[in-house]
Amino acid sequence: MSFKTTSDGKKRVTLIPGDGIGPEVVDAAVKIIAAAGVKIEWDRHDAGESVFKRGVPSGVPQDTIESIRDTRVVLKGPLGTPIGYGEKSANVTLRKLFETYGNLRPVKEISGVKTAYSGRGIDLIIVRENVEDLYAGIEYMQTPGVAECLKLISRKGCEKIVRLGFEVARAENRKKVHCATKANIMKMTEGTLKRTFEEIAKEYPEITSNHIIVDNCAHQLALRPETFDVIIMTNMNGDILSDLTSGQIGGLGFAPSANLGSDVAIFEAVHGSAPKYAGKNVINPTALILTAVMLLRHLQEFDAAARIENSVFYTIEQGKVMTRDVVGDAAASSTTAYTDEIIKNLGKKPAKIHVRDYKPLKLPVVSSAPDFVKPKSRRDMGVDVFVETNASSDQLGKSLEKLAEGSGLKLKAISNRGTKVYSPTGAITDCVDHYACRFVLPSAEGQVTDAQIAGLVQKIGGQYRWMHLEKLAEFDGAPGYTKSQGED
Ligand code: NAP
């Protein structure tokens with residue numbers, strides 16, 4: 001675990017109060033941590049709206065980056081993503097700058113917060129990959145009417161998130177780990193996570209491991225959320241399903257999270273800056289207080305973390321001093337009154353909830369050097385050329401067959417949004433102006449050369465606008481590409 005301590009024993013943490021309701025919820029957490037007797041030196045820095053307005057396009061200024069490099073630990077309030085200035089979310093920038101590859105989102109039923117699932121004992125944690133997948137945001141307009149987003153999933157990224165999931169299970173004394181993927185459809189991207197999970201699960205024999213298709217996981221979460229313990233997912237699936245599970249225990253006011261990397265940990269509530277409540281002293285600070293509890297465990301302050309968590313659960317169970325989102329406007333107490341009540345209740349335990357015993361989390365050790373997975377054999381045996389045209393698939397196929405003559409490659413198939421349309425299959429397919437044209441070597445031997453591909457593309461380019469190429473390769477004899485629907 002990476003954190004620094006001052007010469008007089010204080011733990012150093014970068015504090016980003018954030019935008020909107022951020023300063024109020026952060027203040028509540030800082031006050032409670034101090035009351036619990038934990039000595040922290042907070043290094044306060046900005047990020048988000050005020051920084052965008054100063055003209056820093058990333059929303060994260062250099063002094064904030066340097067503080068995080070130094071302390072390695074951050075507690076942050078939500079950051080607004082202003083519309084009209086600043087391109088990318090400063091939250092995502094922070095997570096990516098420090099390669100916080102794992103997002104932990106625990107979800108625990110809180111007695112006193114009435115939901116459709118009250119009494120079921122939900123107590124699970126979603127371990128979501130945080131930097132890869134569609135959320136890398138690598139997008140291209142392929143034609144004026146066809147958009148593309150690249151879903152890049154690496155073996156290394158999967159290994160890190162899978163190991164993190166199992167280590168979280170060990171640290172939290174959990175017995176079951178699920179890996180939820182869409183590997184039945186996306187056999188290569190989602191499939192890499194599934195295969196990595198099945199391989200690494202063998203190193204954790206004391207933990208029951210199960211792969212589950214992610215849509216079935218959503219179904220099971222709606223029906224029987226209490227049967228889950230740890231669920232590992234790729235970025236987008238994890239984003240969606242962790243919001244669903246947050247809703248099952250009372251919503252955004254109760255959802256904490258941690259972004260963990262090999263070097264840096266960033267702790268933040270799941271909710272945003274809720275600008276309409278800013279400065280009104282009405283917001284529920286529980287999510288950020290529970291986030292601070294996760295921070296304290298990261299800083300190895302296990303006793304203080306358990307005391308605060310117990311006090312939060314006790315306070316809510318008592319239900320005497322609650323914010324408006326839980327009890328409505330008429331019976332509501334202010335954010336500060338609720339915070340003071342939690343401080344007053346430090347040392348008390350709830351009757352109906354048991355706070356888990358935690359051990360230090362052992363973060364996976366993965367080299368930061370580039371990862372090169374070396375197959376025993378590799379064969380480039382063709383190329384997909386993506387072409388924009390309003391020609392019919394039949395016209396395009398016949399003309400490409402001619403253009404390929406003499407290139408050493410033959411047209412194998414043309415597909416449109418993943419469905420084979422040439423040679424004709426007899427199916428009724430609605431085509432757009434974006435065709436993937438697959439060219440392969442005529443025999444099962446030999447390698448395609450770059451010169452062959454360049455020659456072919458030049459000929460195609462004389463007649464059609466092409467927008468991208470994908471080399472077709474076999475690794476260890478297995479195809480490194482998928483077939484379109486209907487392709488032999
Ligand atoms: P939001 O700020 O999370 O607020 C949406 C609604 O959720 C609020 O209006 C409120 O519902 C409820 N809510 C949120 N936090 C609450 C709390 N602590 N206690 C009680 N209720 C709470 O989402 P948004 O309005 O979509 O986003 C606002 C800004 O925050 C945007 O700029 C967005 O980009 C940013 N954002 C930042 C982060 C982050 O920093 N990690 C995350 C998400 C969004 P009611 O209206 O029903 O009372």
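Colleague: At what angle do α7 and α8 pack?

Modeller: Helix α7 (residues 214-223) and helix α8 (residues 235-248) pack at about 5 degrees, with 11 Å between their axes. Axes here are lines fitted to C-alpha atoms, for helices over the stretch in contact, and angles run from 0 to 180 degrees between N-to-C directions. Helices (H or I, at least four residues) and strands (E, at least two) are DSSP runs numbered from the N terminus.

Colleague: Parallel or antiparallel, then?

Modeller: α7 and α8 are therefore roughly parallel to each other, a label for angles under 35 degrees, while over 145 is roughly antiparallel, 65 to 115 roughly perpendicular and the rest oblique.

Colleague: Which residues make the contact?

Modeller: From α7 they are Val 214, Cys 217, Ala 218, Leu 221 and Ala 222, and from α8 they are Asn 237, Leu 241, Leu 244, Thr 245 and Gln 248, where contact means heavy atoms within 4.5 Å. Seven of the contact residues are nonpolar, three are polar and none is charged; Ala, Val, Leu, Ile, Met, Phe, Trp, Tyr, Cys and Pro count as nonpolar, Asp, Glu, Lys and Arg as charged, and the others, Gly among them, as polar.

Colleague: And what should I know about the model itself?

Modeller: This is a predicted model, in which local features need pLDDT of at least 70 and side-chain atom pairs count only at pLDDT 80 or more, whereas totals for chains, interfaces and linings use all residues. Residues are numbered from 1 along each chain as its sequence is written, and side-chain values use heavy atoms, with hydrogens and water left out.

Colleague: New topic: how much space lies in the largest cavity?

Modeller: About 450 Å³. On a 1 Å grid over the protein atoms alone, a cavity is a set of points where a 1.4 Å probe fits but cannot get out, and lining residues have an atom within 4 Å of a point. Grid points are joined across faces, edges and corners, and a volume is the space filled by probe spheres set on the points.

Colleague: What lines it?

Modeller: The largest cavity has 31 lining residues, and Pro 106, Glu 172, Met 294, Arg 297 and Tyr 358 are the closest to its centre. α9 gives the most, with five residues, and by class the lining has 21 nonpolar, two polar and eight charged residues.

Colleague: Where does the largest cavity lie?

Modeller: The largest cavity lies between domain 1 (1-100 + 262-360) and domain 2 (123-248), because both give residues to its lining; the domain bounds come from an automatic or database domain assignment.

Methods:
On a 1 Å grid over the protein atoms alone, a cavity is a set of points where a 1.4 Å probe fits but cannot get out, and a pocket is an open set with protein on both sides within 12 Å along at least five of seven lines; lining residues have an atom within 4 Å of a point.
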